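Here is a protein model to go through by question and answer. Each reply sets a value against the rule that gives it its name.

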Amino acid sequence: MKAIYLLGATGSIGSQVLEIIADHPDEFKLMGISGYQNIDRIKAIIKDFQPTIVAVKDEGDASALKNDYPDVKIVYGPDGLVEVAKFEPENDEAVLINALVGMVGLKPTIAAIEIDRDVWLANKETLVVGGHLIKDLLSKHKADLRPIDSEHNAIWQLLHREDKRSIKKLIITASGGSFRDYSREALKTVTLEDALNHPNWSMGNKITIDSATMMNKGFEMIEAAYLFDLDIQNIEAVLHPESIVHGMVEYVDHSIAALLATPDMRMPISYAMFYPKRQTTSIQPLDISQLGALHFEAIDPKRYPLLGIALEAFKKGGSTRTVLNAANEAAVKLFLNQKISFLDIEDIVIDYVREHQPIADPSLEEIYHIDADVKQEIYQSYGL
Ligand SMILES: NC(=O)c1ccc[n+]([C@@H]2O[C@H](COP(=O)([O-])OP(=O)(O)OC[C@H]3O[C@@H](n4cnc5c(N)ncnc54)[C@H](OP(=O)(O)O)[C@@H]3O)[C@@H](O)[C@H]2O)c1
């Protein structure tokens with residue numbers, strides 16, 4: 001029986017994890033959660049699963065919940081997330097599932113690895129910003145990291161039996177996001193509502209916007225470089241509008257293995273949670289004979305400049321990844337609050353990445369300092 005500490009329980013990934021836990025009470029027990037603004041959902045989760053510890057946004061929400069649930073330990077803020085991640089440190093069967101959005105997920109991931117706790121990771125920003133810290137910690141601790149992100153989960157599935165020297169290249173696929181059929185000209189007038197309407201996946205707002213700008217694929221290439229310890233030159237992203245092939249591995253003999261599945265996050269979540277077993281799921285099966293054509297094409301860098309800027313930031317190195325992520329988080333938040341247009345997201349991120357003078361191998365403190373400075377400056381400039 002695994003004891004699950006689930007950060008981001010109120011979100012899109014978090015809700016799908018909860019479905020699996022509810023369906024398998026003999027395999028998993030939910031011990032701790034975090035939510036942020038969605039207090040009603042937090043209350044419903046407490047009622048259904050009776051966790052021991054719950055983290056919320058701030059002290060006000062925490063004291064209100066303490067009155068309602070005197071037997072539950074209620075914590076709050078970024079420190080509360082860390083407390084949940086490392087709660088019950090002596091329990092070897094405990095796992096952290098990190099389904100937070102944004103770099104707020106970095107410290108709790110580190111806290112779990114430091115007590116040798118396995119982490120099943122959806123929160124890609126952790127690796128974008130702190131990949132070098134996580135890689136170093138994993139080499140010193142007994143903790144394992146399992147990827148939940150669908151492309152990385154697919155590649156992880158494909159790599160189990162392969163020697164690393166047999167790998168030539170990893171290929172991750174991109175749906176193209178909400179605006180894949182739009183010209184650059186048409187992007188000038190798109191609305192928030194249009195942007196949140198993803199053709200293939202139903203996800204949280206931030207990743208839906210990151211998919212439309214293609215920043216998501218830049219993040220995923222960086223994530224793959226850290227997860228699979230490969231040079232970024234050996235990782236490629238291709239457009240694949242059907243989202244049926246999630247990841248591919250090209251071997252040195254030029255054969256390519258691909259993982260196909262209906263686009264449904266319950267597949268990679270379930271694979272990570274039950275590994276090394278496979279579990280039956282209620283996901284729509286793929287009828288190969290009815291699939292018809294699958295399409296793949298190169299991603300046009302002029303159409304999607306943020307993919308190129310993510311790679312530029314990775315090559316520039318060190319704290320540039322922090323700036324890439326911070327500027328993107330801030331710009332996406334401005335767009336979600338309708339303070340800027342869709343194309344302004346690109347301008348803000350490109351300006352910050354190009355202007356930054358990087359610090360090599362930034363410490364956790366330096367990362368948090370730079371992140372806060374960049375976000376504050378951007379919010380101030382746009383009145384948020
Ligand atoms: N959704 C997908 O299909 C998918 C696929 C692959 C990878 N991912 C990755 O998985 C992660 C989660 O994505 P998602 O789509 O599930 O996001 P989401 O639906 O927006 O959920 C985010 C979760 O984080 C909480 N949260 C937001 N801001 C917070 C903050 N400042 N401090 C603490 N908690 C905060 C939210 O709480 P409240 O809701 O209570 O405010 C919610 O529980 C992201 O890194 C994303 O890139 C998602």
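Q: What makes strand β5 largely enclosed by the rest of the structure?
A: In this predicted model, five of the five residues of β5 (residues 94–98) are buried, so the strand is largely enclosed. Ala-94, Leu-96 and Asn-98 point one way from β5, Val-95 and Ile-97 the other way, and all are buried.

Q: How do you know that β1 and β5 are paired, and in which sense do they run?
A: Pairing needs at least two bridges. Five bridges join β1 (residues 2–7) to β5, and the two run parallel. Tyr-5 stands opposite Leu-96 in β5.

Q: What makes β5 and β6 a pair?
A: The cut-off is again at least two bridges. β5 and β6 (residues 118–121) share four bridges, in the parallel sense. Here Leu-96 stands opposite Val-119 in β6.

Q: Why are the buried residues of α2 said to line one face of the helix?
A: The buried residues in α2 (residues 39–49) are Ile-42, Ile-45, Ile-46 and Phe-49. Seen down the axis of α2, the buried residues fall within an arc of 100 degrees, so they line one face. In general, an α-helix has 3.6 residues a turn, so residues three or four places apart point the same way.

Q: Which exposed residues sit on the face of α2 turned away from its buried side?
A: That face carries Asp-40, Lys-47 and Asp-48. Exposed here means over 50% relative accessible area.

Q: Which strands are the edges of the five-stranded open sheet, and what makes them edges?
A: The order in the sheet is β11-β10-β8-β9-β12, with mixed pairing. The edge strands are β11 and β12 (297–298), and each pairs on one side only.

Q: What lies between β10 and β11 in their hairpin?
A: Four residues lie between the two strands. His-254, in the turn, has a positive phi of about 75 degrees.

Q: Why is Ser-243 called buried?
A: Its relative accessible area is 5%. Buried means under 20%, so Ser-243 qualifies. Ser-243 lies in the loop between β9 and β10. Its phi is near 50 degrees, a positive value in a residue other than glycine.

Q: Why does Asp-361 count as exposed?
A: The relative accessibility of Asp-361 is 61%. Exposed means over 50%, so Asp-361 counts as exposed. Asp-361 is in the loop between α16 (342–355) and α17 (364–381). Asp-361 is not a glycine, although its phi is positive, about 40 degrees.

Q: Why is Leu-138 called partly exposed?
A: Buried stops under 20%, and exposed starts over 50%. Leu-138 is at 25%, so it counts as partly exposed. Leu-138 lies in α6 (residues 125–140).

Q: Why is Leu-306 called buried?
A: Leu-306 has a relative accessible area of 0%. The limit is under 20%, so Leu-306 is buried. Leu-306 is found in α14 (residues 305–316). Leu-306 and Leu-324 are 18 residues apart in sequence and 9.8 Å apart in space, C-alpha to C-alpha.

Q: What identifies the peptide bond from Tyr-275 to Pro-276 as cis?
A: Its omega is near 10 degrees. Pro-276 is found in the loop between α12 (266–274) and α13 (288–291).

Q: How do the residues of the shell around the ligand divide?
A: The shell holds 12 nonpolar, nine polar and three charged residues.

Conventions:
Residues are numbered from 1 along each chain as its sequence is written. This is a predicted model: local features need pLDDT of at least 70, side-chain atom pairs count only at pLDDT 80 or more; totals for chains, interfaces and linings use all residues. Side-chain values use heavy atoms; hydrogens and water are left out. Ala, Val, Leu, Ile, Met, Phe, Trp, Tyr, Cys and Pro count as nonpolar, Asp, Glu, Lys and Arg as charged, and the others, Gly among them, as polar. Buried means under 20% relative accessible area, exposed over 50%, partly exposed in between (1.4 Å probe, protein chains only). The arc is that of the directions from the helix axis to the C-beta atoms.
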